[in-house]
Amino acid sequence: MDKRKTTKEAFIRNDQYNFIARQVSHIINAHASVNHKDTLDGVKLHAFSKVEEILPEMNEVQETLLNRLLEIEEEIEAEAFLSELRQYVIPFRRVSKKTVEKLFPKAKKLQVPDIDGMDFKRLSYIGWFDTRAHKQHLIVEYQGKLKGISGVFDNSSTQGICTLCNSLDEVGLFVTRVKSGKETYVNRGNYICKDSQACNEKLTDRRKIETFLDYLFQ
Ligand SMILES: [Zn+2]
């Protein structure tokens with residue numbers, strides 16, 4: 001086996017990358033405000049143990065890479081570390097324009113976003129607002145499959161907590177119609193970020209997406 005290939009193998013999801021980046025920012029903030037070495041070491045070890053919690057099955061190479069977290073002191077080191085870490089991010093499943101159209105068979109004249117311009121490594125889901133249909137479209141991976149979900153979306157400016165990334169931001173109420181029985185339907189939804197790309201960059205726990213989908217399709 002090619003050893004170099006093994007070492008560069010992607011092993012972090014976008015949400016886990018965001019989680020690690022958040023830990024790194026805690027460390028940087030501590031360095032800027034705390035002088036006591038023991039306290040700083042404590043912050044670093046705590047940050048590292050949190051990373052270990054979300055990545056319990058790291059191999060030696062991966063652990064060595066993430067151990068560098070313990071050496072970060074300055075912003076510039078944090079940036080270098082995070083940019084290296086990005087190489088190990090598992091991209092969201094590649095979709096083409098055709099795939100997108102297939103995922104929304106009921107949509108008439110679907111507005112497809114600029115798929116080629118997307119950084120798939122920074123995505124846990126794909127979301128965009130269809131200005132023609134006044135709908136928000138989401139592409140998610142659910143139970144091992146790609147799924148397209150369209151929902152009416154209240155696009156007026158509201159500040160709130162997003163169900164997916166749990167941050168306070170501009171959100172909209174996303175409501176989709178799902179089958180509840182043989183021939184019955186029900187509307188279900190919740191508040192999600194208006195800006196899906198920004199949401200993807202803040203999302204630190206993919207389970208939040210799964211919980212949301214479980215709720216929609218219960
Ligand atoms: Zn969000």
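Helix α2, which comprises 20 residues, extends 29 Å from its first C-alpha to its last, close to the 28 Å expected at 1.5 Å a residue, the expected span being 1.5 Å times one less than the number of residues in the helix. Helices (H or I, at least four residues) and strands (E, at least two) are taken here as DSSP runs numbered from the N terminus. The structure is a predicted model, in which local features require a pLDDT of at least 70 and side-chain atom pairs count only at pLDDT 80 or more, whereas totals for chains, interfaces and linings use all residues. Residues are numbered from 1 along each chain as its sequence is written.

The buried residues of α2 are N14, D15, Q16, Y17, N18, F19, I20, Q23, V24 and I27, where a residue is termed buried if 20 or more other C-beta atoms, placed from the backbone, lie within 10 Å of its own, exposed if 12 or fewer do, and partly exposed in between. The cover over these buried residues includes α3 (37-54), α5 (75-86) and α7. V24, located in helix α2, counts as buried because 21 other C-beta atoms lie within 10 Å. Leaving aside residues up to four places away in sequence, V24 touches L69, I72, A78, F81 and L82, a contact being defined by C-beta atoms, placed from the backbone, that lie within 7 Å. V24 and G181, by comparison, are separated by 157 residues in sequence and by 47 Å in space, C-alpha to C-alpha.

At the level of the whole chain, the model contains eight helices and six strands, arranged along the sequence in the pattern α-α-α-α-α-α-β-β-β-β-β-β-α-α. The C-alpha trace spans about 60 × 45 × 30 Å along its principal axes, and 25% of the 218 residues count as buried. Among contacts between residues at least 6 apart in sequence, 56% join residues at least 24 apart.

The chain is divided into domain 1 (9-86) and domain 2 (97-216), with bounds that come from an automatic or database domain assignment. The C-alpha centres of domain 1 and domain 2 lie 30 Å apart, and the contact between them takes seven residues from domain 1 and eleven residues from domain 2. On the side of domain 1 that touches domain 2, helix α2 (residues 14-33) gives the most, with five residues. An unreviewed UniProt entry lists residues 11-92 as "domain: Elongation factor G-binding protein N-terminal"; such positions are given in the numbering used here, feature names are shortened, and annotations may be inferred rather than shown by experiment. Over residues 11-92 the chain is 71% helix and 0% strand, with the end C-alpha atoms 12 Å apart.

Within strand β3 (residues 145-153) lies G148, which is classed as buried because 20 other C-beta atoms are found within 10 Å. Residues up to four places away in sequence being excluded, G148 touches L103, F104, H137 and I139. G148 and G127 are 21 residues apart in sequence and 9.7 Å apart in space, C-alpha to C-alpha.

Regarding confidence, the chain averages a pLDDT of 92, and 97% of the residues score at least 70, pLDDT being the predictor's confidence in each residue, from 0 to 100.

Key. Contact = placed C-beta atoms within 7 Å.
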